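Welcome, and please take a moment with the model below.

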Amino acid sequence: MSKPYRLTCALFIFILLLAPFQILAIEADSTAKDDHSGHFDYFLNSKKRGERLFKGLTRTPVEWQSCVSCHNIDYIDTLNWNPSAQDIAGTFANKSIAEFRSVLMSPLGKKMEESHQNYAFSDEELGYIKTYLQELNSSVLYETKPKVNNLIVFFFLGALITLALVDLVFTKKIKYKIIPVLIFVFAFGYQIQMLAEGAMALGRKQNYAPIQPIKFSHKIHATDNKIDCRYCHTTVDDSKSAGIPHVNLCLNCHVIVREGTNSGKFEINKIHASIDNNTPVEWIRIHKLPDHVFFSHAQHANVGKRDCQECHGLVEEMHVVKQVEDLSMGWCLDCHDKTAVDFRENGYYSESFKKLHEKLTSGAIDSVRVTDVGGRECARCHY
């Protein structure tokens with residue numbers, strides 16, 4: 001018996017022995033599909049119906065406006081006082097259809113009552129909408145736009161520099177030596193510029209305005225309702241940080257004020273939910289200096305008598321707070337160079353800086369700036 005014939009027989013026997021196990025595996029897989037295909041198809045169908053109901057894509061016209069006309073599905077960079085679809089999904093994820101119906105069909109707030117007039121969803125339709133919202137709650141609604149990767153440009157310039165050096169030193173193929181020299185100078189110079197700009201921009205977030213967990217408007221609180229900044233930011237005069245108020249402080253007003261003119265009850269209810277569930281509101285910090293920088297609000301707001309607006313912009317006019325200044329070292333030093341110190345009335349300065357005090361008294365100088373009393377010393381901010 002030849003060797004190829006023996007190998008063929010062995011392979012045939014192996015296939016025969018394997019066949020029963022393969023048939024059992026196919027049957028088991030088929031049974032599993034039969035068990036779950038119905039549930040999976042129902043879920044997909046419910047989700048699709050819920051999406052169409054939420055977006056108002058119904059076959060027959062209805063008397064009420066679609067949900068998506070007020071509640072955003074996709075991320076937008078402008079303020080919408082109404083809760084987003086994902087925000088609603090997170091709130092009602094664990095609630096029953098009865099609770100969902102009660103809020104949707106019989107709203108207690110004025111703003112919601114006006115926009116939910118004539119709603120007539122059945123429990124089945126509400127179930128479809130809730131299924132769609134649950135799917136939104138577990139998915140990413142938006143992706144950041146792609147940005148040009150500076151590393152590609154940086155490495156491309158590095159390749160040009162390498163080719164220019166190789167030609168200058170070894171190959172010498174280019175007739176005019178000035179060409180690889182210019183390529184080297186310009187490419188290397190641009191790389192240095194990229195590194196310098198990247199280093200200076202590290203940790204700086206000018207115009208940063210994240211979406212906060214509660215839509216809190218400084219304009220409504222500070223301007224419309226005349227609430228002083230220090231009522232909420234209680235530690236600004238005595239601490240490094242101005243402080244973020246605890247929700248208990250919010251309840252001083254919102255235990256009575258339960259509905260906002262613009263946002264209705266949804267946002268204010270988040271405050272009460274935080275208290276009831278003993279969970280903090282996870283505010284997103286906007287103004288943040290690098291870890292190697294020391295900054296004290298007490299020194300600037302209390303001792304230096306600086307207004308909040310000088311660093312934070314016109315916060316009292318903002319619905320959404322953003323970082324107005326770049327908070328760079330150059331920006332801080334420029335302020336130190338321009339800002340005059342209350343030198344005459346402060347006994348600390350008259351004792352510690354006697355020569356400056358004598359010059360000011362004699363009229364040799366008309367004022368003393370922060371720079372004159374150590375505002376440019378490295379150890380004042382970095383130690």
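This is a predicted model: local features need pLDDT of at least 70, side-chain atom pairs count only at pLDDT 80 or more; totals for chains, interfaces and linings use all residues.

Residues are numbered from 1 along each chain as its sequence is written, and side-chain values use heavy atoms, with hydrogens and water left out.

- Helix α10 spans residues 247-254; helices are DSSP runs of H or I with at least four residues, numbered from the N terminus.
- Its buried residues are Val 247, Leu 251 and His 254, where buried means under 20% relative accessible area (1.4 Å probe, protein chains only).
- The buried residues of α10 pack against α8 (218-224) and α11 (266-277), with contact meaning heavy atoms within 4.5 Å.
- Among the residues that meet between α10 and α11 are Cys 250 and Asn 248 in α10 and Ile 271 and His 272 in α11.

**Annotated spans**
- UniProt, in an unreviewed entry, lists residues 151-171 and 178-196 as "transmembrane region"; such annotations may be inferred rather than shown by experiment.
- Residues 151-171 are 100% helix and 0% strand (strands are E runs of at least two residues), and their end C-alpha atoms are 28 Å apart.
- Residues 178-196 are also 100% helix and 0% strand, with end C-alpha atoms 27 Å apart.

**Val 185**
- Val 185 sits in helix α7 (residues 178-200).
- Between Val 185 and Ile 161 there are 8.4 Å in space, C-alpha to C-alpha, and the two are 24 residues apart in sequence.

Technical notes. Buried means under 20% relative accessible area, exposed over 50%, partly exposed in between (1.4 Å probe, protein chains only).
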